[in-house]
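The sequence and the coordinates are shown first, and the discussion follows.

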Amino acid sequence: MREEAFVNNMDNYRTGISLELERIAVPGQFYKTFSSDWTSVAKTIYDFDSFGVELNKSGYFEDDLKVVLEGKVKPDAKITSILEYVKSNVKWNQHNGYSCEKGVRKAYKEKTGNSADINLMLTAMLRVC
């Protein structure tokens with residue numbers, strides 16, 4: 001491919017194939033499924049201790065959230081208030097991740113966490129409102 005003057009990412013125009021191992025079946029020995037359908041993939045993710053379990057934790061922010069949501073009636077106002085509260089009170093430690101480093105409770109208490117800590121905390125708060 002040729003470089004173009006107004007294209008800042010040539011990878012957006014390249015095609016490719018990405019394959020994923022669905023299962024292993026060795027005759028007479030074993031059979032293991034990795035990802036058979038989206039329902040089982042989602043179940044695996046939500047069963048993971050550093051993701052699904054953390055996402056379902058609450059009780060550590062309810063008192064603060066009551067103050068943040070006081071007087072807010074419209075869903076948009078509630079969502080914006082929660083987002084602004086998390087942005088101003090919990091700092092990102094510059095670590096990306098799909099799973100928690102510290103856990104949402106500890107990240108909330110220490111006011112710092114990785115991207116998963118913060119995003120799962122925010123999602124738990126939004127579920128409550």
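Helices (H or I, at least four residues) and strands (E, at least two) are taken as DSSP runs and numbered from the N terminus. Residues are numbered from 1 along each chain as its sequence is written, and because the model is predicted, local features need pLDDT of at least 70 and side-chain atom pairs count only at pLDDT 80 or more, while totals for chains, interfaces and linings use all residues. Side-chain values use heavy atoms, with hydrogens and water left out.

**Loops and backbone angles**

Lysine 111 lies in the loop between H5 and strand S4 (112-113), and its phi is near 60°, a positive value in a residue other than glycine. With a relative accessible area of 41%, lysine 111 is partly exposed, on a scale where buried means under 20% relative accessible area, exposed means over 50%, and partly exposed is in between (1.4 Å probe, protein chains only). Glutamine 94, found in the loop between strand S3 (91-92) and helix H5 (104-110), also has a positive phi, near 70°, and is likewise a residue other than glycine; glutamine 94 is exposed, at a relative accessible area of 57%.

**Helix packing**

Two packed helices are described by the angle between their axes and the distance between the axes. Here the axes are lines fitted to C-alpha atoms, for helices over the stretch in contact, and the angles run from 0 to 180 degrees between N-to-C directions.

| Helix pair | Angle | Axis distance |
|---|---|---|
| H3 (residues 62-69) and H4 (residues 75-89) | about 125° | 10 Å |
| H4 and H6 (residues 115-128) | about 150° | 10 Å |

The angle makes H3 oblique to H4, whereas H4 and H6 are roughly antiparallel to each other; angles under 35 degrees count as roughly parallel, over 145 as roughly antiparallel, 65 to 115 as roughly perpendicular and the rest as oblique. H3 passes H4 in a right-handed crossing, and H4 passes H6 in a right-handed crossing as well, a crossing being left-handed if the near helix is turned anticlockwise from the far one by less than a right angle, and right-handed if clockwise.

Contact means heavy atoms within 4.5 Å.

Serine 81 lies in helix H4 and counts as buried because its relative accessibility is 14%. Leaving aside residues up to four places away in sequence, serine 81 touches Val68 and Lys72. Serine 35, by contrast in location, is found in the loop between S2 and helix H1 (38-47), and at 16% relative accessibility serine 35 counts as buried. With residues up to four places away in sequence not counted, serine 35 touches Glu20, Leu21, Glu22 and Val41. The C-alpha atoms of serine 35 and aspartate 49, 14 residues apart along the chain, are separated by 19 Å.

**Cysteines**

A search of the whole structure finds zero disulfides, a disulfide being a pair of cysteine sulfur atoms within 2.5 Å. Cysteine 100 is in no disulfide, and the nearest cysteine sulfur, that of cysteine 129, is 20 Å away. Cysteine 129 is in no disulfide either, with the sulfur of cysteine 100 as its nearest. Cysteine 100 is buried, with a relative accessible area of 11%, while cysteine 129 is partly exposed, at 33%.
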